Amino acid sequence: MDYQTDYLIIGSGASAMAFVDTMLTETDATFLMVDRRPKVGGHWNDAYPFVRLHQPSSFYGVVSRVLGREKIDETGSNKGFYELATGIEVLHYYHALMEEAFIPSGRVKHLPLCEYKGDGRVVSLMSGESHNVKVNKKLVDATHIEVQIPMTHTPRFEVAEGVACVPPNLLCRLAPEYGHITVLGGGKTGIDSISWLLDNDYPADKITWVVPRDSWFYNRRKWQPGEALFGEALELLASSNEIYAAAESVEDICLGMESAGNWLRLDKNVWPTMFHAALVTEADIVKLNRINNIIRMGRVEAIDEKGMRLTKGEASSLPDTLYIDCTASALSNNYKDFTPVFQQDQINLQPIFVWQPCFSSALIAFIEANIEDEALRQAMTRPAPLTDTVKDYLTSQAHNLMNMHHWQEHPETARFMTNCRLHAFAGRIANIRADDHEKQSQLQRFGQSAPNAVENLFRLAANA
């Protein structure tokens with residue numbers, strides 16, 4: 001069977017869904033979404049059962065449909081802050097969006113279990129049947145922000161026969177059967193696994209945590225959408241730009257962000273070398289510090305019945321140990337990917353607002369639908385790719401600030417952001433009262449320091 005569509009979308013994960021959702025509002029175009037998975041929602045289809053967003057639910061998803069109930073958590077380490085959607089909630093959200101909105105629109109067709117082979121050819125993974133697609137307008141590549149997750153990645157270390165090493169998807173079922181658990185990986189997945197174990201009364205002294213690299217984290221307190229903590233969010237924006245503008249080194253930025261309360265780290269005596277922009281709370285840090293057996297000897301190279309070989313040494317393990325593999329790289333192929341968003345007859349969905357892929361894709365859709373000036377499109381969509389280290393973050397953040405300047409200078413785009421629920425703070429910023437001198441001052445500080453921040457971020461990135 002052959003197809004004809006205005007936009008051929010490769011992928012149906014979070015970025016693709018955000019793009020199509022905004023295009024359905026802004027245009028009368030048609031869309032064909034092709035994905036190797038059997039359902040929309042991308043990696044959420046394979047997520048571990050206790051996963052949650054690490055940012056408030058209201059910042060995630062698509063523009064047209066709210067995710068979650070916009071409630072404040074009353075218990076746990078997120079107490080006092082806005083809810084974090086579970087993986088099941090996110091997956092249901094995307095499945096319902098396709099079934100209740102996209103398909104009924106009559107303008108979206110979804111081809112699951114299919115692969116795009118190029119040149120307008122789509123092949124079914126089930127039957128092998130080939131379909132030709134005539135694309136009237138553009139191909140949209142939504143795979144640039146595709147991530148690796150534990151369930152589907154291949155570990156880069158050897159595991160001897162008889163050693164129990166599984167993804168966190170099996171942790172809930174297997175944890176009661178083992179006297180010791182070793183969590184491999186210091187990123188968000190490792191943190192989630194440690195937190196789940198502690199929250200469910202697994203003894204902290206029976207847990208070993210392999211942290212190849214310590215990480216800087218964003219303080220979730222500074223990323224709250226409600227009015228109560230809006231001043232903290234504005235202070236994050238203002239102080240960050242001032243720190244970027246004044247820093248003499250990458251280390252200055254790290255210490256400045258930590259001193260301002262914008263960033264957190266697990267141990268003040270260990271210098272982090274990773275920055276994946278995970279959001280945690282001070283309560284999370286206190287909880288994680290209950291783990292005393294932390295191994296900082298680099299990456300795992302091999303595991304056998306006696307223990308682990310790591311890049312910086314060896315560590316013994318007890319026989320009754322379950323290993324939880326949390327080493328999948330969230331960066332995937334987006335790390336240092338500066339592929340332009342707009343390339344002739346193709347759109348590459350890239351982060352253009354650093355670490356906010358949903359908002360980025362929604363805004364790219366708005367720009368595609370409403371702005372024809374190619375130079376302006378390029379100026380508004382400098383890629384701000386995912387980052388592995390603080391040095392990587394410098395360039396992404398500089399591009400982010402440059403993009404923001406052009407968005408605000410363009411009245412229609414500024415209005416879109418003000419009304420876009422996916423933008424963390426634009427709506428509240430637009431409605432700051434003239435007599436709210438404290439918030440007006442914070443906003444002024446942000447704007448005044450932005451040009452010097454951009455210049456210095458590029459300088460530091462070049463010299464780091």
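Glu158 stands opposite Ala302 in strand S15 of this predicted model. S7 and S15 (residues 300-304) run parallel and pair over two bridges. They belong to an open, mixed sheet of four strands.

**Four-strand sheet**

- The strand order is S7-S15-S16-S17.
- The sheet is open, and its pairing is mixed.
- Strand S7 (158-159) and strand S17 (313-316) are the edge strands. Each has a single partner strand, so one side of each lacks a neighbour in the sheet.
- The S7 to S15 pairing is parallel and rests on two bridges. Within this pairing, Glu158 faces Ala302 of S15.

**Five-strand sheet**

- Five strands make an open sheet in the order S8-S18-S9-S10-S14. Pairing here is parallel.
- Which strands stand at the edges? They are strand S8 (164-166) and strand S14 (293-295). Each has a single partner strand, so one side of each is left without a neighbour in the sheet.
- Neighbouring strands of this sheet are turned by 20 degrees against each other on average, direction ignored.
- Strand S10 (residues 207-210) pairs with S14 in the parallel sense, over three bridges.
- Val210 has Ile295 in S14 as its bridge partner.

- Strand S2 (residues 31-34) and strand S3 (residues 108-111) run parallel. Four bridges join them.
- Val34 stands opposite Leu111 of S3.

**Second largest pocket**

- The volume of the second largest pocket is about 610 Å³.
- Its lining counts 27 residues. Nearest the centre of this pocket lie Arg52, Ser77, Leu84, Asp199 and Lys287.
- Which elements each supply at least two residues of the lining? Helix H4 (188-199), strand S13 (274-280) and helix H7 (282-288) do.
- H4 gives the most to this lining, with six residues.
- By class, the lining of the second largest pocket holds 12 charged, eight nonpolar and seven polar residues.

**Cavity**

- At a threshold of 30 Å³ or more, the count comes to one cavity.
- The largest cavity has a volume of about 40 Å³.
- Gly186, Trp209, Val211, Asp214, Ser215, Phe217 and Leu266 line the largest cavity.
- Four residues of this lining are nonpolar, two are polar and one is charged.

**Aromatic pairs**

- The whole structure contains 21 aromatic pairs.
- One of them joins Phe59 and Phe425. The ring centres are 6.0 Å apart, with 80 degrees between the planes. The geometry is edge-to-face, because planes over 60 degrees apart fall in that class.
- What does this pair tie together? Phe59 lies in the loop between S2 and H2. Phe425 lies in the loop between helix H11 (411-419) and helix H12 (426-430). The pair therefore ties together parts that are 366 residues apart in sequence.

Key:
Residues are numbered from 1 along each chain as its sequence is written. This is a predicted model: local features need pLDDT of at least 70, side-chain atom pairs count only at pLDDT 80 or more; totals for chains, interfaces and linings use all residues. Side-chain values use heavy atoms; hydrogens and water are left out. On a 1 Å grid over the protein atoms alone, a cavity is a set of points where a 1.4 Å probe fits but cannot get out, and a pocket is an open set with protein on both sides within 12 Å along at least five of seven lines; lining residues have an atom within 4 Å of a point. Grid points are joined across faces, edges and corners, and a volume is the space filled by probe spheres set on the points. Ala, Val, Leu, Ile, Met, Phe, Trp, Tyr, Cys and Pro count as nonpolar, Asp, Glu, Lys and Arg as charged, and the others, Gly among them, as polar. Two strands pair if DSSP finds at least two bridges between them. Axes are lines fitted to C-alpha atoms, for helices over the stretch in contact, and angles run from 0 to 180 degrees between N-to-C directions. Rings of Phe, Tyr and Trp (its six-membered ring) pair if their centres lie within 6.5 Å; planes under 30 degrees apart count as stacked, over 60 as edge-to-face and the rest as tilted.
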